[in-house]
Amino acid sequence: MKLNKSDIQKALATISVAGDGKNMVDAGVVKNIITFGDEVVVDLLLQTPALHIKKRAEVDVMKVIHEKVYEKAKVKVNIKVEATKKQNPNEIKGKPIPGIKNIIAVASGKGGVGKSTITSNLAVSLAKMGFKVGLLDADIYGPSGPTMFDVLNERPLSVTVDGKSKMKPIENYGVKMLSIGFFTKPNQAVIWRGPMAAKALNQMIFDADWGELDFLLVDLPPGTGDIHLSIMQSMPITGAVVVSTPQNVALIDAQKAVAMFQQENINVPVLGVVENMAYFTPEELPENKYYIFGKEGARNLANQLEVRFLGEIPLVQSIREAGDVGRPAALQENTPLADAFLETTRNVVEEVVKRNESIPPTEAIQITTMAGCSAVNKKK
Ligand SMILES: Nc1ncnc2c1ncn2[C@@H]1O[C@H](COP(=O)(O)OP(=O)(O)OP(=O)(O)O)[C@@H](O)[C@H]1O
């Protein structure tokens with residue numbers, strides 16, 4: 001079967017574009033159509049980077065070609081985004097940080113759902129993939145980074161860089177870390193106001209010798225308050241990951257966290273949702289799954305909010321033990337748990353790449369491809 005370009009064009013002209021009442025062809029969305037035998041490649045140019053709009057356009061194109069032209073046509077849809085300034089809400093705030101390509105904030109809404117555990121495992125998984133990684137433990141209420149990386153007794157040294165005195169992050173498992181916990185005593189209750197916390201964190205970012213980083217993960221405090229606003233308004237955050245358990249009380253707060261990032265004056269793109277403690281699996285019966293906190297709650301929330309579901313991490317005793325002894329579980333080799341963290345991390349990287357492709361590059365956003373990352377390529 002040889003496909004005809006004008007038949008394809010006629011079929012695409014039956015797809016209407018939201019907003020101005022025009023069809024896809026007249027609205028100039030269809031930029032090019034190429035046919036070879038039973039294959040067709042359609043290039044689209046959209047005005048919005050929203051993932052669900054791109055997906056819908058792709059599905060619509062495939063559907064009309066299969067329904068109106070040839071049901072076995074092999075259709076490939078290439079989508080480019082040319083966002084106008086007004087339609088592109090993904091603006092970057094704060095000063096770009098020289099050498100730091102992507103800053104990922106990890107938030108949860110509710111406390112105790114495993115945000116720090118997920119952050120530390122994302123960090124070591126990224127390092128295992130070959131990326132240069134930093135972790136800023138900004139959880140001023142309960143900084144657990146030093147415990148999770150077994151560096152509780154270390155203190156950052158002062159080094160001189162270009163004539164300026166800077167803090168040198170502590171490094172373990174290929175991850176450079178600074179934590180508010182290095183500067184407070186374990187038994188000391190520190191009461192922070194938003195601007196104070198933001199100032200301390202700013203120093204840990206701008207007055208630290210991070211060197212070159214592909215990713216700086218920021219473990220935010222739980223909640224959605226004044227402190228979060230201060231932190232986010234002073235940092236050029238590339239995107240946010242929201243962690244939740246499948247339980248209703250956690251989901252309500254996770255939804256608030258997503259809403260906080262998407263709020264007009266914050267506008268931090270949400271990369272997606274991670275479901276932690278998705279089910280309990282006894283180590284001796286790895287096939288058995290018990291949905292202690294409910295089933296697929298965070299997955300459903302991600303679908304409902306039209307953000308990516310980044311992955312599910314089971315409730316496993318060894319994750320807790322690994323956190324307590326300061327050796328994140330993702331450091332294991334070829335275990336189902338390490339694979340679950342790797343898969344989730346790969347999805348985060350994919351979302352960062354997509355996000356960076358759909359908005360104009362800035363100093364703070366430069367990773368545009370996963371090429372060169374063997375662990376990512378291997379799994380693709
Ligand atoms: N998937 C898991 N399986 C088993 N234990 C887990 C899992 N995730 C987290 N934990 C344990 O649950 C406890 C809380 O986790 P964590 O400190 O990461 O939560 P958090 O959301 O960062 O808490 P906070 O509200 O203090 O910031 C820790 O003891 C941790 O080891």
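This is a predicted model: local features need pLDDT of at least 70, side-chain atom pairs count only at pLDDT 80 or more; totals for chains, interfaces and linings use all residues.
## Overall make-up

The protein contains 11 helices and 13 strands, and 42% of its 380 residues count as buried. Among contacts in the protein with a separation of 6 or more, 76% are accounted for by residues 24 or more positions apart.

## The annotated binding site

According to an unreviewed UniProt entry, the feature "binding site" covers G109, K110, G111, G112, V113, G114, K115 and S116.

G114 sits in the loop that links β4 (100-107) to α3 (115-128), and it counts as buried because 22 C-beta neighbours lie inside 10 Å, where the cut-off for burial is 20 or more. When residues up to four places away in sequence are set aside, G114 touches V243, N276 and M277.

K115, by contrast in its placement, belongs to helix α3. K115 also counts as buried, because it has 27 C-beta neighbours inside 10 Å. Apart from neighbours within four places in sequence, the contacts of K115 are V106, A107, S108, D219, P222 and V243, and V243 is also among the residues that G114 touches.

Three strands form an open sheet in the order β1-β2-β3, and their pairing is mixed. Because β1 (30-36) and β3 (74-81) each have a single partner strand, they stand at the edges, and one side of each is left without a neighbour in the sheet. From one strand to the next, the twist averages 15°. Strands β1 and β2 (residues 39-46) run antiparallel and are joined by six bridges, and N32 stands opposite D43 in β2.

Helix α1 (residues 5-12) packs on this sheet, where it touches β1 and β2, and its direction makes about 140° with that of β1. Helix α2 (residues 51-68), for its part, lies across β2 and β3 and runs at about 150° to β3.

Conventions. Residues are numbered from 1 along each chain as its sequence is written. UniProt positions are given in the numbering used here, feature names are shortened, and annotations may be inferred rather than shown by experiment. Helices (H or I, at least four residues) and strands (E, at least two) are DSSP runs, numbered from the N terminus. A residue is buried if 20 or more other C-beta atoms lie within 10 Å of its own, exposed if 12 or fewer, and partly exposed in between; C-beta atoms are placed from the backbone. Two residues are in contact if their C-beta atoms, placed from the backbone, lie within 7 Å. Two strands pair if DSSP finds at least two bridges between them. Axes are lines fitted to C-alpha atoms, for helices over the stretch in contact, and angles run from 0 to 180 degrees between N-to-C directions.
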